[in-house]
Amino acid sequence: MASEAEQTAHSSRTVQLVSFTVGNEEYGVDIMAVREIRAWSETTPLPNTPEVVRGVINMRGAIVPIFDLRARFGMPRTEPTKYNVVIIVSISARIVGILVDAVSDIITINEDEIRPMPSMEQVSGLGFMEGLITVGERMVGLIGLERMFSDRMLEAADSTGKPMLAGPSDAGGAAA
Amino acid sequence: MDDLAQFKQTFFAECEELLGDLEGHLMALQSGEGDNGTLNAVFRAIHSIKGGAGAFGFDRLVAFAHIFETVLDLMRDGRLEPTPDSVLIVLHCADILSDLVKAAQTGAELPPDHESEGRKSLIEMAASIGVDADPRAADAALAALDAQLAGGSLDEEPAAPAAAAEPEAEPEPEAAPAAPAKAPLLKYLVKFEPRDALYQRANEPLILIRELRELGGFIARADADAVPAIDQIQPEGAYIKWEFDIETDRGESAIRDVFEFVLDDCLLEITCLNPPAAAAAAAPKAEAPKAEAPKAEAPKPAAAAAPAKAEAPKAEAAPKAGAAKAETGGAAGGGAAAGGDAKQVRSIRVDLDRVDKLVNMVGELVITHAMIAQQTEHLHADQHPELANGLAELSHHIRDLQESVMAMRAQPVKSVFARLPRLVRELAMMTNKKIRLDMSGENTEIDKTVIEQLGDPLTHMIRNSCDHGIESPEDRTAAGKSPEGVIHVSADQRGGRIVIEITDDGRGINRDKVMKKAIEKKLVAPDAVLSNEEIDNLIFLPGFSTADTVSNISGRGVGMDVVRQNIQSLGGRVHIQSRPGQGSSFILTLPLTLAVLDGMVLKVGVQSYILPLANIVESLRPEPDQINIVANQGELLRIRGEYVPLVYLHRIFKVPMGIDDPTKALVIIVELEDGGKMGLVVDEIVGQQQVVIKSLEENFDPIRGVGAATILGNGRVSLILDVAGIKHIAEHEPRGARPRLAAPAA
């Protein structure tokens, strides 16, 4: 543990990111979280879930939810074509897919090259952005998957506005 | 350390099984159905717990188990009569033992005097026939106290207080002269060769050897020839063999007993060097039929060897127990009994994960088969007879395979039922009622997960029956019933479901009171007209409780709705039937397995869903005059004089292109958990299909109205509907769920 902390302190660790595009913007996620990258396939919609939830797919027997990153950014839903890409990532114990426009690159950078997100007045709710990276002339936004999926996404996933991570009492749907 | 934790876990798992069995055997004893085999089984269970507890250093548990087993040994030998009173003490002590096991498992601290009363009762029982069961007897002061206690509270002759000063109790005064009734001392040569497995199971030969030494004259020789050079030694390898010369009066079985837990993991040879012709032959089988002459015939070799002492049974029993420790003396009989109990079910312990993996694989197979079947549907069977036959056969095999795999996960409900007698006993005591528990169908098998989650709801329902159902003995007598109330718990397989019924013969549900309470708590409208059945089922509503005073048994108003939730989450249903004055029945239906479900594939707009077959009552396309509109919003379907609310699935789930006119769509009447009905409007029924249940919650969160998901033959995910959730949406989002009244439907 101690040596790892030391290493982080010196910050000479390299990280690899999978970068992808949504519209004209470029984003990246830690490659260690990425399980696979697959072409868009039709999902089964989940009723009464927000725009950002595209539905679920069958991934070799597992039911995997797909989230629309464009919708997550507050834009209209992606109109997926067969060129759209789903990045399957594992977050904590869960496996989810994120729908993006295209995968562009694998970026290797030093940790100390990650710039913190500047506080932006006009943009709120970007708590899931972990930082910014400059690659050549491009800016790549580093997405913290844990943050993105632990709070806002799930909270937003219930149309009634109640957090979806409600206890079993809610899930049972007992009629009052 | 991890290994140790694992061993502990195994130990506690075994304890749980043993305690479960114990409960059953004790119940048999109490009802008078028990025989010597039952007592033997009880003894063995306690002995096994003690053995394991000793290995892990649960001293408190060991100490209590030791006294307990001593007394049971006396009972098993026929020296102590299992009278109703003494059986009651044994039952109580079994509860205490179970508490101690639990405390050892959880690390919880029990009050220091938790077992002292039970302990005292046991010591008294043993003392009543002059046996000192207290392992601390060497502690003179304590022993003397115990002996006095024993003498004072029983109408037998008091045990001489002086006796307590010695490690063993003296026989009663008048029997004393006849005391020295010794079995012949026999010499044995014991060869003991542990295998590797013995060490791997954390057994320690030293403990065994020490125990052997207690049997009598003892010489041990170790053969260390096989010990390899130090760099080749396996830490858990077995290299040393032993030979022991033992001189004992307790027979071969006592020696064998020492090795009871390692018999499978060693080579054990016991040779008697001077066999006494008659006694040896008689010894192992000398089981006394205690029913006829319990005390006159002692089952020990000692009795066979010294028949002259038969008229003074106590005298003979006592010194024997005095000379030997009661524990090991008893173990002799245990060995013999264990030998006779040979018809054991052969089984292996398999990690549940492995079974679950297999279950999943079979699930995939079911899906793949559905896919192939769908792909070949358009081919004519007569053109491809082999393919058609092959597919049909595959379908058979998959079903068989699936059933076999499910059977691996299935367990008899016995393991849950076993806890109930104790519960009822405690509740009866706490409420001052007389309650008898009858059980049937304990061997009905259900999926392990269901079993695991059945405990709590079952406990709640039993509590409810004891607390609210069964009346006090006085009330019962006044009502012309037997003062003893009866709760019958049964399990039964009906079709693809398991039905568990809990029936009491108590006062039944007081419908006026329930109704009043429900109105008071605003659970129903004051002017609501409910059928008797609907009123009865109000008790399952959250926050409902009719108990006038909140007792610590039930009456906190959480019980019944929690029960319903638990059962629903298992895919089951629960409802109550009640006959005023005659009693109530809780009826629980549960799926056989949680992995597969028979469902109906429905189409709604552009989507298809699966509706569990178990929910469906019937389906129909209504005539226009069957549809009635209430208060300009709700639609009711009149069917055979009954009004059923219509719920449009496409509105609930906001699916585009759903059919809005029920007379052109299809109405599926579904039954709700509370006994109510709902008409689900869908476009069409595609067909019936067996589907594999896949959890949505593994990677997502629960979604109201959706119970789970499955994968259809085309590889697409389809959602399995949860009717209770759909009803909830319909009731809470009226704008989305009910038609905006634009034009009359008719």
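Buried means under 20% relative accessible area, exposed over 50%, and partly exposed in between, computed with a 1.4 Å probe and protein chains only. The legends below concern a predicted model, in which local features need pLDDT of at least 70, side-chain atom pairs count only at pLDDT 80 or more, and totals for chains, interfaces and linings use all residues. Residues are numbered from 1 along each chain as its sequence is written, chains are lettered from A and ligands numbered from 1 in the order in which they are written, and side-chain values use heavy atoms, with hydrogens and water left out.

View 1. Most residues other than glycine have a negative phi. Lys654(B), a residue other than glycine, has a positive phi near 55 degrees. Its place is the loop between helix H23 (649-652) and strand E18 (666-671) of chain B; helices (H or I, at least four residues) and strands (E, at least two) are DSSP runs, numbered from the N terminus. Lys654(B) counts as exposed because its relative accessibility is 52%. Asn48(A) is not a glycine either, and has a positive phi of about 55 degrees. Asn48(A) lies in the loop between strand E3 (34-39) and strand E4 (53-59) of chain A. Asn48(A) is buried, because its relative accessible area is 17%.

View 2. Strand E15 (residues 627-630) and strand E16 (residues 634-639) of chain B pair in the antiparallel sense over 4 bridges; two strands pair if DSSP finds at least two bridges between them. Ile627(B) has Leu637(B) in E16(B) as its bridge partner. E15(B) and E16(B) form a hairpin with 3 residues between them, and Ala631(B) in the turn has a positive phi of about 50 degrees. E16(B) also pairs with strand E17 (residues 642-648) of chain B, in the antiparallel sense and over 4 bridges. Here Leu637(B) stands opposite Val644(B) in E17(B). The hairpin of E16(B) and E17(B) has 2 residues between the strands, and Arg640(B) in this hairpin takes a positive phi near 50 degrees. Leu636(B) is placed in strand E16 of chain B and counts as partly exposed, at 22% relative accessibility. Leu636(B) and Met678(B) are 42 residues apart in sequence, while their C-alpha atoms are 9.3 Å apart in space.

View 3. Side chains of opposite charge can pair when their charged atoms come close. A salt bridge is a side-chain nitrogen of Lys or Arg within 4 Å of a carboxyl oxygen of Asp or Glu, and the structure holds 34 salt bridges over all chains. In one of them, the side chains of Arg422(B) and Asp95(B) meet at 3.3 Å, N to O. This pair links distant parts of the chain, 327 residues apart: Arg422(B) is in helix H17 (residues 420-431) of chain B and Asp95(B) in helix H4 (residues 84-106) of chain B. Arg422(B) counts as buried at 13% relative accessibility, and Asp95(B) is buried with a relative accessible area of 8%. A network of salt bridges links Asp95(B), Asp99(B), Arg422(B), Arg425(B) and Glu426(B).

View 4. The side chains of Glu471(B) and Arg476(B) meet in a salt bridge of 2.9 Å, N to O. Arg476(B) is buried, with a relative accessible area of 1%, and Glu471(B) counts as buried at 6% relative accessibility. Glu471(B) also meets the side chain of Lys481(B) in a salt bridge of 2.8 Å, N to O. Lys481(B) lies in the loop between helix H19 (473-478) and strand E8 (484-494) of chain B, and Glu471(B) in the loop between helix H18 (448-469) and H19 of chain B, so the pair ties together parts that are 10 residues apart in sequence. Both Lys481(B) and Glu471(B) are buried.

**View 5. Asp504(B), a buried residue without a salt bridge.** Asp504(B) is placed in strand E9 (residues 497-504) of chain B. For Asp504(B), the nearest side chain of opposite charge is Arg476(B), 6.8 Å away; Lys and Arg count as positive and Asp and Glu as negative, whereas His and the chain ends are not counted. A polar atom of the Asp504(B) side chain lies 2.8 Å from the backbone nitrogen of Gly506(B).

Conventions:
A polar contact is a pair of N or O atoms within 3.5 Å; within protein, one must be able to donate a hydrogen and the other to accept it, and residues adjacent in sequence count only if both atoms are side-chain atoms.
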